[in-house]
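Please read them with the sequence and the structure open beside you.

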Amino acid sequence: MRTEDLIDRLALDPPPRFGFGTAFLTATLLSILVAGGIFLAVIGIRPDIGRAAESASFLFKFVATMPLALGALGVALRLSRPGMAAGGWRLVLGAVPVLLATAVALELHQVPASLWQSRLVGSNAGFCLILIPLMAIGPLALLIAAMRRGAPERPALAGGFAGLAAGGIAATFYAMHCPDDSPLFVAAWYSAAILVMGVAGCLAGRRFLRW
Amino acid sequence: MWDQGLEQEWADLMRMALAGDSAAYRQFLLCITPHLRAMARSRCRTLGAPDSETEDIVQEVLLAIHLKRGSWDSSRPIGPWIGAIVRNKIIDALRRRGRRTNVPIEDVMDTLAAEEQAGGLAQLDIDSHLATLKRRQQDIVRSISIDGDSIRETANRFKMTEGAVRVALHRALKSLAQLCRIQST
């Protein structure tokens with residue numbers, strides 16, 4: 001086929017009804033609705049939320065999960081556009097492990113060593129490992145579907161960040177249910193659940209985001 | 001990379017195209033093609049690939065730009081966006097031909113003056129891919145591309161609405177891109 005003919009043919013194709021940016025934003029909002037819906041329907045907010053909301057370690061969980069979700073969303077968005085680097089969102093995301101490490105160090109400093117293990121094991125580790133990915137699957141699917149409208153130069157990497165974002169959104173909701181507020185617990189189990197989603201995102205990206 | 005004024009012009013055309021102006025879109029594709037060709041050719045030469053592959057790569061890049069045009073953020077310069085797509089497609093094409101390679105971005109950006117090539121010689125793999133489309137899609141693609149019929153004429157011939165023809169054409173193009181993708185894995 002002659003290139004000129006190809007161009008004529010392509011020019012006849014109507015423009016996409018909406019761009020990638022709109023698709024990604026919509027997928028993000030839907031992700032929050034989906035994860036929130038499952039959260040309210042299946043597990044719900046913990047009964048002592050009033051008291052918990054006054055404790056620093058409860059609030060810290062959101063200081064960790066929300067920047068994680070936001071930063072990973074930002075990086076996934078930018079990596080889905082050809083010719084763009086991750087930019088400042090990397091810093092938001094990079095702050096999360098630093099915050100987490102600081103909180104863990106403070107806790108280890110304040111709590112006697114004999115209690116470390118019970119803090120780490122907590123009361124709900126199994127739930128955490130199951131429920132966070134369960135709430136994150138829908139958001140991951142939505143984000144990957146939206147990113148198919150984009151064109152990530154490195155599909156697995158972009159998918160991985162979508163996975164972290166989905167995990168971060170799910171973890172933010174889960175944190176309202178979870179009775180374990182210890183940073184040690186959060187650093188171990190939340191991270192594990194979110195990293196599982198990151199790996200799932202990588203695989204999904206490799207499979208679905210190539211172009 | 002490219003001249004700023006040139007990129008500005010491309011960006012303006014693409015903005016109009018995304019707003020539904022198909023003449024501007026055609027103009028945009030025609031404007032960038034010589035630049036894509038120059039990039040693809042210099043890359044093929046460097047890597048010892050035959051010149052005949054240049055036009056295949058140009059067409060694959062055009063198709064990718066077409067299918068991914070929604071991924072350009074219209075508030076940003078269009079040059080890096082085009083450059084990244086070209087780089088990606090050149091790597092794909094060379095990988096498919098069994099050579100592993102890295103294309104440094106500087107090399108791709110280092111575009112030569114545009115050269116116009118006498119068209120009409122190159123055959124894209126797409127012609128053989130056509131056979132794998134659904135019958136009706138094939139008919140529509142052939143009617144519009146080879147016989148040069150308009151959407152309306154095609155619609156009349158197949159007793160379809162113009163909208164349905166557009167949709168079928170769009171899907172057919174998507175499937176073709178999918179085939180290119182599968183082939184490259």
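1. Before the helix packing is discussed, a word on how it is described: axes are lines fitted to C-alpha atoms, for helices over the stretch in contact, and angles run from 0 to 180 degrees between N-to-C directions. Please also keep in mind throughout that this is a predicted model.

2. With that in hand, consider the pair formed by H3(B) and helix H4 (residues 79-96) of chain B, whose axes come within 9 Å and cross at roughly 130°. Since angles of 65 to 115 degrees count as roughly perpendicular and those over 145 as roughly antiparallel, H3(B) and H4(B) are therefore oblique to each other. The crossing in which H3(B) passes H4(B) is right-handed. On the side of H3(B), the contact is made by B:Glu53, B:Asp56, B:Ile57, B:Glu60, B:Val61, B:Ala64 and B:Ile65, while H4(B) contributes B:Ile82, B:Ile85, B:Val86, B:Lys89, B:Ile90 and B:Ala93. Sorted by class, this contact of H3(B) with H4(B) has 9 nonpolar and 4 charged residues, and no polar ones.

3. Helix H3 (residues 52-67) of chain B also packs with helix H2 (residues 22-46) of chain B, at an angle of about 135° and with the two axes 9 Å apart. That angle makes H2(B) oblique to H3(B), and the crossing of H2(B) and H3(B) is right-handed. From H2(B), the residues B:Leu29, B:Thr33, B:Leu36, B:Arg37, B:Ala40, B:Arg41 and B:Cys44 meet B:Glu53, B:Thr54, B:Ile57, B:Val58, B:Val61 and B:Leu62 of H3(B). The class count for the contact of H2(B) with H3(B) is 8 nonpolar, 2 polar and 3 charged residues.

4. Turning to chain A, its secondary structure comes to 9 helices and 0 strands. Its C-alpha trace spans about 75 × 35 × 25 Å along the principal axes, and 46% of its 211 residues count as buried. Among the contacts in chain A with a separation of 6 or more, 86% are accounted for by residues 24 or more positions apart.

5. How many residues of chain A are in contact with chain B? There are 29 of them, in contact with 41 residues of chain B. Helix H1 (3-12) and helix H2 (20-43) of chain A each supply at least two residues of the side of chain A that touches chain B, and the largest share of that side, 10 residues, comes from H1(A). By class, the side of chain A that touches chain B has 13 nonpolar, 6 polar and 10 charged residues.

6. A:Gly83 deserves a separate look, and its place is the loop between helix H4 (56-79) and helix H5 (89-110) of chain A. Is A:Gly83 buried or exposed? A:Gly83 is buried, because 22 other C-beta atoms lie within 10 Å and the cut-off for a buried residue is 20 or more. Leaving aside residues up to four places away in sequence, A:Gly83 touches B:Pro80, B:Trp81, B:Gly83 and B:Ala84.

7. Lastly, B:Lys159 has a phi near 55°, which is a positive value in a residue other than glycine. B:Lys159 is placed in the loop between helix H8 (151-157) and helix H9 (162-184) of chain B. With 7 other C-beta atoms within 10 Å, B:Lys159 is exposed, given that 12 or fewer is the cut-off for that class.

How values were computed
Residues are numbered from 1 along each chain as its sequence is written. Chains are lettered from A and ligands numbered from 1 in the order in which they are written. This is a predicted model: local features need pLDDT of at least 70, side-chain atom pairs count only at pLDDT 80 or more; totals for chains, interfaces and linings use all residues. Two residues are in contact if their C-beta atoms, placed from the backbone, lie within 7 Å. Helices (H or I, at least four residues) and strands (E, at least two) are DSSP runs, numbered from the N terminus. Ala, Val, Leu, Ile, Met, Phe, Trp, Tyr, Cys and Pro count as nonpolar, Asp, Glu, Lys and Arg as charged, and the others, Gly among them, as polar. Angles under 35 degrees count as roughly parallel, over 145 as roughly antiparallel, 65 to 115 as roughly perpendicular and the rest as oblique. A crossing is left-handed if the near helix is turned anticlockwise from the far one by less than a right angle, and right-handed if clockwise.
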